Amino acid sequence: MSLGNITKHTAAELVSPSRCVHTLSQEDHTSVLSLAASEKYLFSGSQGAHIAVWDLATFTLVKLLYGHQGSVLALSLSPDETWLFSSSGDGTVRVWDIESLQCVYLIHCCHDVGDIFSIVYSDVSNLLFLGSQNTSIQWYDFSDPQTNGSSDPAPMTSISPRYTAQTSKFFGSKIDTPSAEERKNPMDVEVIQCVIRDSNVLVNAHDGYVYCLALEYDLPNIEGEVLISGAGDGDVKLWRITNEGLQHLNTLKGSAEKGILTLAVMDDGYLFCGVHGGNIQVWDLETHQMIRSIMAHSDDVLSLCVKNHDVFSASADGTIKRWDRRFECKQTLDDHDGIVLSLATSQTYLISGASDHSMKIWDIPSSYNKYETNRRSSVDSDSPATDVLLYALEQWISVPTVSGDPKYLDECRQGARFLKSVLKQLGADSRMIPGAPGRNPLVYGKFTANSHLSQKPGSTADPNAKVPTVLFYGHYDVINAEHEKENWISNPFKLTGRDGYLYARGVTDNKGPILASVFAVSDLVKEGLLDIDVIFLVEGEEESGSIGFANAAMQHKELFQDIDMILLSNSYWLGEDVPCLTYGLRGVIRASLTVSTSQADLHSGVEGGAASEPLIDMIKILAKLVSDDNKVLIPGFYDDVRPVSSAEERLYDPIISWMHSQVASSDVNNALHITLNSLSLGDGQKRKNNEEHTKACDPEQLKKSLMARWRYPTFTVHKIDVSLNNPTIIPRQATAAISMRIVPDQDINVICEQFKLFVETTAQSLGTDNKVTVEINNTADYWLGDCDSPYFKAAEKAIEQEWGIKPLFIREGGSIPAVRWLERFCSAPAVHLPMGQASDQAHLCNERIKLKNLYAGRRIVKSLLRQIGPSTKKM
């Protein structure tokens, strides 16, 4: 079972570090087991069975609250700070009036529960929940007149012998267990005695002690109150609070060796769990995935809390650590001289309690996260921008959703949540779909057809006809821009308009086209003209090979029933001025070839000439794979390549004609951008003017060059890495990163086997002792659309209506892993509608999209969807 990415972090420098501003000493010299803080008071639960009340303004002791006959294990405040709830090793819960600092209720369990480790109160349902040593969850109903007790003493339950067995590790010292007679408290004469009903006990809620509880409201995809419980069995459980009790919703399955000791929930749906051994698990409460397991401490994590958008963890190793939204440790606080047992927050401070009998008051300067505002940005008509589409795009762009780098895992999820929020605000039923463990989620949104359309006067639509469904596919992840920031004309993650273009990472690949399409559908909804269902499926791993995409979609296949057409917009025109329709993409096989020796790295001056060098063998093998004229030499590599048909050749004629017209114009450099310059145009002689260029543009040569880029397979060596980069060393290992672009009708599995066999045969022929291994990293199939299909014709018509010119039908040499898989999965054809121009610089510095193209793309999608109605079902 995979438990997500396991990472280890060390403290990084914090601009405004936390600092201890005051220390309070526990007057009975016992451990501080629990803490709670109101605006006015700090409450500390003692191993010595009392609660100390401290004035947070003056840091002075106000009062000691007596009553419990065992260690005070948990403290909790009501949301309005009127009541303090305390639980103890004596198996009871007390309710204190904060204004009078008097005990008002004494709540007894109807069974022997042992220690009551955790308590939370819901002011909505007026219920107090208890997590117990006997593995149960119980709740007391303050509105139930039959349990709302009296001042008569309630029956005393015996203290579980298990209680004393666990004191030494967490408390630092042992105290005597009081007898039943000693537990009778004369101060409780005026206290209302209450007993929990049998019906309010969830027996064996877990298979271990219930150490921690948390109460949340309106979690993603779950309305109302939700109780979260963590236990020694390593599981976290989610429970819906109903009038009938607790309804189990889900179990976040952990490991029995990693018992859950403490919980904290961030406001964006992240659940942090402190566990035995020192790890912090991070769960996404929307997808119910563990997205990270952080090796945070060297001993058990005993308490967690959230303050100023950061998470603080306290451990038995004596330290407190501060974690930011990227799950990086920003600071380690080690002022305590013992086990740090408890944490609490006030409006101003973080407070910690430990086995060294002290409490430390910490000043916590804010490390405000710039993405915080983006998570809840509104895209309705009240947005502070004149164009809501641009406002939404600006917000989305500012979140660097870089896939394949754990550093950006949080940003990717924030970007996914933002898109989900946009879809929901514009009227779609939207949710997030879990991706692969440790990977980014998918965003799903469905716009439903306006139900009244078929009833309109004069409508020819069959009211009983099934509504067609279009699936729009895209990706919200982007390529990193960190290494090229100095080459950008503006901040890559800040949308910048200049000379009619929008500049930013992801603006054309693929966030701009996605939002243009989303707003196109929203326009139709508002105008009452959406007579089809439109589903958006946007992944976050496309730039990393769409890892986990297929499995995630398969696990939710009920969401993708009866799809009629797949639409995507993730490519570019051939030039700058003529629109295009993409009808083909090459597939790709990414592989690693490694040559290694069992010896260590060697000195070339000592061993050179006597050792078989892996790098030399690597060069020899690679040289055998490609000919001097760039033909792939793997036997059988070209056997299944689909021949060029006359119909396909005719599609190139308008392209060649357009290219010639552009070469003849005075605006050739702008019009063709890099397209002509990157084609092989003959003898390679530099052309100094348009006349020479025109002579060189032989139609047949141009056609062959385009085909070489678009429809024939290739073999590429991207880089070679060695075990030690030193000019005097013979490296013990060399690894080459390789890709093969495949085309119709090549079979990926066949090509992979042919490649492996040829490499192994070539390596054997070298006669060296070096070991050669081939690893296939990931693959994606080719895609070829049907240009004569009604859907392509509808797209062609929509483009021509917008631009006043027929689009060029083009193919691309790149790959989009999901397209052909989606065609098979949905049993529906795909149409690829480019919005960007050749100069958009996708994956490069100064990525951009023309504002005119973005708006035109929105109108084209809108027009295309209007053409696909009930009468075109299964065209």
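These are my notebook entries on a predicted model of one protein chain.

**Ground rules**

I number residues from 1 along each chain as its sequence is written. Because the model is predicted, I ask for pLDDT of at least 70 for local features and 80 or more for side-chain atom pairs, while totals for chains, interfaces and linings use all residues, and side-chain values use heavy atoms, with hydrogens and water left out.

**Entry 1: the whole chain**

I began with confidence, using pLDDT, the predictor's score for each residue from 0 to 100. The chain averages 86, and 84% of the residues score at least 70. Residues 151-180 fall below 50, yet this stretch has 65 contacts in the model beyond near neighbours in sequence (a contact means heavy atoms within 4.5 Å). Residues 380-386 are also below 50, and that stretch has 7 such contacts.

Next I looked up the secondary structure and found 18 helices and 48 strands. Both are DSSP runs numbered from the N terminus: helices are H or I with at least four residues, strands are E with at least two. The chain has 875 residues, and 58% of them count as buried. I use buried for under 20% relative accessible area, exposed for over 50% and partly exposed for in between, with a 1.4 Å probe and protein chains only. Among contacts with a separation of 6 or more, 67% come from residues 24 or more positions apart.

I checked residues 294-324: the span is 61% strand and 0% helix, and its end C-alpha atoms lie 12 Å apart.

**Entry 2: strand β30**

How many residues of β30 are buried? I count 5 of the 6 in residues 358-363, so the strand is largely enclosed by the rest of the structure. For its partners, I took two strands as paired if DSSP finds at least two bridges between them. β2 (residues 19-25) runs antiparallel to β30 with 6 bridges, and Thr23 stands opposite Lys360. β29 (residues 349-354) is antiparallel to β30 too, through 5 bridges; here Ile351 faces Ile361. β29 and β30 make a hairpin with 3 residues between them, and His357 in the turn has a positive phi of about 70°.

**Entry 3: cysteines**

I looked for disulfides, taking a pair of cysteine sulfur atoms within 2.5 Å as one. The count comes to 0. Cys273 is in no disulfide, and the nearest cysteine sulfur, that of Cys212, is 7.1 Å away. Cys273 is buried because its relative accessibility is 0%, whereas Cys20, at 25%, counts as partly exposed.

**Entry 4: two loop residues**

Is Asn440 buried or exposed? It sits in the loop between β31 (429-433) and β32 (442-447), and at 4% relative accessibility Asn440 counts as buried. A polar atom of the Asn440 side chain lies 2.9 Å from the backbone oxygen of Gly540. Not counting residues up to four places away in sequence, Asn440 touches several residues, including Ser403, Leu409, Cys412 and Tyr476.

Ser598 is in the loop between β39 (587-596) and β40 (602-603). Its relative accessible area is 80%, so Ser598 is exposed. I also noted Asn770, 172 residues from Ser598 in sequence but 7.8 Å away in space, C-alpha to C-alpha.

Definitions and conventions: Polar contact = N/O pair within 3.5 Å; in protein donor to acceptor, adjacent residues only side chain to side chain.
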